[in-house]
Amino acid sequence: MSAVLAAFREAYAAALRLHLRAPNQNSLAEGYELGRRALVEGVSILDLTEHHFRILEDEGLVPLPDGTDRSEAALEFLLQTMAALDVATRGFLDGTRRYEQQRSRADDLAGRDAFRTALVESLQDGFFVVDSQGTLIEVNSSFGALTGYGPDGVPYALPYPWAFPEGPRYPDLGTDAARFVMPIQHRDGRRLWLAVSTSSLVKPENGERIFVGTIRDVTAEHDAQARDQAVSRLATAVGAATSVVEVLTVGLEELRRTVGAETAVVSVWPNRHTGPELYVSEGNTDTPPAELRSHNTSRGSSPARNGDHPAPADGSETRQVLDARARALLDRARLRPGRTMFAIPEGASSSEGIVAPLGEAADSALWLRFAAPRVITPGDWALFSLLVGHLSLAVQRARNFDQARSTSLTLQRAMLGPIELPPRFSVHYEPALPPLEIGGDWYDVVRLEDGTIGLVVGDCVGRGLSAAVVMGQLRTAARALLLRGAGPAQLLAELDTVAARIPGAMCTTVCAAILDPVRGLIRYSSAGHMPPVLAEPGTRGRLLEGGRAVPLATFDPPRRPEATTPMTPGSTLVLFTDGLVEQRGVDIDERFVELADELTGAATQLPREVADAVLSRLRPGGGYDDDIAMVVYRQPPAPLRLDVPADASQLSVMRRALKSWLAAAAIPHDLAGDLISAANEACSNSIEHAYRDGSPGRVALTAESGLDTVTLVVTDTGTWRPLPADPGDRGRGIAMMRALTDQLDIDHTPGPGTLVRMTVRLPAVSFSAGRV
């Protein structure tokens with residue numbers, strides 16, 4: 001027995017005997033303290049219990065004098081002693097139980113973590129966990145397969161290695177709970193598109209916000225959608241084009257941008273006898289991106305097809321765009337079946353570009369050159385095939401449209417017919433851009449026997465062949481009435497009767513006029529038509545709104561009105577159909593203001609130039625959506641009279657004044673140049689030879705325009721010098737004046753002064769109604 005145990009037994013016996021003799025709370029407290037001592041000193045419960053009962057045996061358990069049972073007190077003391085031991089034992093058991101529970105829970109969590117790991121690894125989608133700093137701290141194997149960056153490389157901090165350094169900014173994986181699609185660059189260099197889905201969580205132990213999510217490869221879906229969008233953009237771009245040039249202008253540029261090509265070239269062989277025409281779209285710093293340039297390899301150069309960017313003056317740029325090998329490839333490609341294409345060079349792992357035929361006519365081919373060689377994927381081939389197919393269809397549709405439009409215009413020309421206009425006239429017919437049908441607009445200019453000129457401009461209701469048939473009948477009837485001598489009001493009154501018997505002629509609008517160039521008058525009447533516009537020199541045009549009544553065959557007016565207006569010398573008269581001034585969404589009064597304003601400077605232009613200027617000023621951005629018929633007339637100006645000193649310095653003054661007057665008289669530029677040269681020679685002769693004695697003199701120039709002629713008269717008051725027998729290198733002036741004019745008369749009868757009269761006959765204006 002150890003000394004510690006012996007000492008404890010002795011203390012326990014003394015305390016128990018004391019309690020048995022006089023049980024009280026203090027003695028019980030002593031027993032509790034002994035229990036705590038036993039726990040500290042490691043006394044066994046068995047030893048304590050054995051020692052307790054041996055003491056009881058020694059004591060004999062005799063009842064107390066007051067009748068108290070000492071055995072009961074002994075038991076109470078023992079229980080109090082063992083209370084501390086009981087608490088310690090139960091605490092130990094509870095701790096053991098908790099430990100077992102915690103160990104069981106840990107084993108369960110370990111099993112769950114293994115299950116979670118197995119579950120995450122089994123996902124086909126890429127899985128990731130991102131901490132609050134945006135760093136990927138966990139990814140699964142599928143994530144590595146999709147991006148090339150697997151679990152072995154975690155963590156992945158911002159910026160992520162798969163992100164593109166350039167291009168549009170996409171959300172980072174750990175910035176917000178969202179769903180989006182983003183491009184990545186795989187470790188092997190491929191470009192992929194991933195669908196990302198993220199959710200945010202909060203850790204319960206520290207409140208940190210983390211993000212978990214999945215990624216899925218949607219490259220195929222994205223490429224398919226991109227192909228659909230690219231095809232839709234191309235189809236939209238070429239949808240409104242109505243000619244091959246327009247199709248290639250917008251289609252080549254859209255195609256080049258979509259496939260990422262540096263150059264797009266289309267070669268077209270118009271016939272078997274000439275080389276191909278090349279249409280080029282290039283993406284560089286020297287050429288505007290939307291530019292389309294055209295080259296003809298057989299001639300070396302040709303005008304740019306878009307009208308804004310001229311082609312080079314020689315074939316050097318064409319040779320730079322296409323070398324001999326590329327031209328041979330295009331020539332070979334056009335003979336292949338439609339909707340086929342091949343990469344160049346053939347059989348190589350990466351391609352410089354693609355070549356394909358356009359259409360089924362074996363007369364055109366397409367070449368797309370990449371900025372750098374690239375691998376063409378199956379998705380690329382699908383995209384190229386769709387785009388080239390749409391461009392081929394657009395080119396074929398444009399060719400059909402061009403052919404149909406050409407047929408329509410030919411029929412229109414045949415119905416209007418080529419006409420020979422009197423001098424100082426110009427007529428213009430401009431078909432509407434979108435439709436193919438011929439129209440019902442017409443004009444006519446008829447020279448009458450009394451020297452006057454009849455004008456008719458009309459517009460039938462509707463479009464197409466039926467409107468053209470009505471137009472032809474009314475035009476023929478109006479011309480017959482003019483030749484018979486009908487005035488404007490009478491002509492319209494009789495056309496009422498004609499129109500009432502022609503199906504579809506009701507509501508036709510007509511403006512009829514009789515011009516008297518000698519008297520300077522215009523007599524006119526309007527059947528619901530646009531009013532003519534008259535512009536005096538240097539002033540804005542004004543509407544001639546007299547003589548107005550209803551369109552043909554609508555009512556039975558008692559008498560159609562007629563108005564007469566004087567025309568100032570040099571005035572410009574314009575008659576037109578409503579297509580010129582009617583525009584959707586624009587007040588017609590504003591269009592009339594534009595027309596009147598444009599005619600302010602008409603007196604210095606030829607009639608044809610006036611028509612071009614008016615059409616250019618009033619043309620809407622999308623082109624005219626209705627046919628236009630227009631007649632422009634210039635009233636002869638007042639005679640020009642100049643009287644200047646006989647000095648050589650005055651020649652330039654006379655030339656400038658004569659040039660301005662000839663322009664106002666609507667004399668063609670080439671004929672005006674001849675007249676200026678002839679007048680300059682006549683004035684030079686007078687200045688040089690008429691006043692040889694040194695006396696001061698003067699030279700007079702008179703210019704006058706008749707109906708069909710222009711007469712120039714040069715006079716002086718000097719002395720006539722006969723031509724020498726041998727003029728030498730000089731003396732060619734009279735011969736030149738005779739060559740430049742139709743008639744030359746020189747009057748140098750005895751007496752001072754010489755008169756030189758030069759006359760030219762103004763040519764009729766040969767004009768085809770189909771000129772556009």
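Predicted model: local features only at pLDDT ≥ 70, side-chain atom pairs only at ≥ 80, totals over all residues.
Phe128 stands opposite Val139 in S2. The two strands form a hairpin with five residues between them, and within this hairpin Gly134 takes a positive phi near 85 degrees.

Strand S1 covers residues 126–130, and five of its five residues are buried. Burial applies to both faces of S1: Gly126, Phe128 and Val130 lie on one side, while Phe127 and Val129 lie on the other. In this context, a residue counts as buried when its relative accessible area is under 20%.

## The five-stranded sheet

Strands of a sheet pair through backbone hydrogen bonds, in either a parallel or an antiparallel arrangement. Here, S1 and S2 belong to an open sheet of five strands in the order S2-S1-S5-S4-S3, and the pairing is antiparallel. The edges are formed by strand S2 (136–139) and strand S3 (179–185), each of which pairs on one side only. On average, neighbouring strands of this sheet are turned by 30 degrees against each other, direction ignored.

Individual pairs of strands can be followed across the sheet. S1 is joined to S5 by five bridges, and these two strands run antiparallel. Val129 has Val212 in S5 as its bridge partner.

## Helix H6 and the largest pocket

Helix H6, residues 219–239, lies across S4 and strand S5 (209–217), and runs at about 120 degrees to S4. Which helix gives the most to the lining of the largest pocket? H6 does, with nine residues.

The largest pocket has a volume of about 820 Å³. It is lined by 24 residues, of which Arg191, Asp223, Arg374, Thr377 and Asp380 are the closest to its centre. The elements that give two or more residues to this lining are S4, H6, helix H7 (244–259) and helix H10 (378–416).

Another set of paired strands involves S11. Strand S6 (residues 261–268) and strand S11 (residues 364–374) run antiparallel and are joined by seven bridges. Ser267 stands opposite Ala365 in S11.

Strand S11 also pairs with strand S10 (residues 351–357) in the antiparallel sense, over six bridges. In this pairing, Val355 stands opposite Trp367 in S11. S10 and S11 form a hairpin with six residues between them, and Gly359 in the turn has a positive phi of about 80 degrees.

## The chain as a whole

The protein chain contains 17 helices and 29 strands. Of its 772 residues, 46% are buried. The chain exposes about 38,300 Å², and carbon and sulfur atoms supply 54% of this area.

How do contacts relate to distance along the sequence? Among contacts between residues at least 6 apart in sequence, 61% join residues that are at least 24 apart.

Definitions and conventions
Residues numbered from 1 in each chain as written. Heavy atoms only, no water. Pairing = 2+ DSSP bridges. Helix = DSSP H or I, 4+ residues; strand = E, 2+ residues; numbered from the N terminus. Axes fitted to C-alpha atoms, helices over the stretch in contact; angles between N-to-C directions. Contact = heavy atoms within 4.5 Å. Buried < 20%, exposed > 50% of the residue type's maximum accessible area, 1.4 Å probe, protein only. Areas by Shrake-Rupley, 256 points an atom, 1.4 Å probe, with all protein chains shown as cover. 1 Å grid on protein atoms, 1.4 Å probe; cavity = no way out; pocket = protein on both sides within 12 Å on 5 of 7 lines; lining within 4 Å. Points joined across faces, edges and corners; volume = space filled by probe spheres on them.
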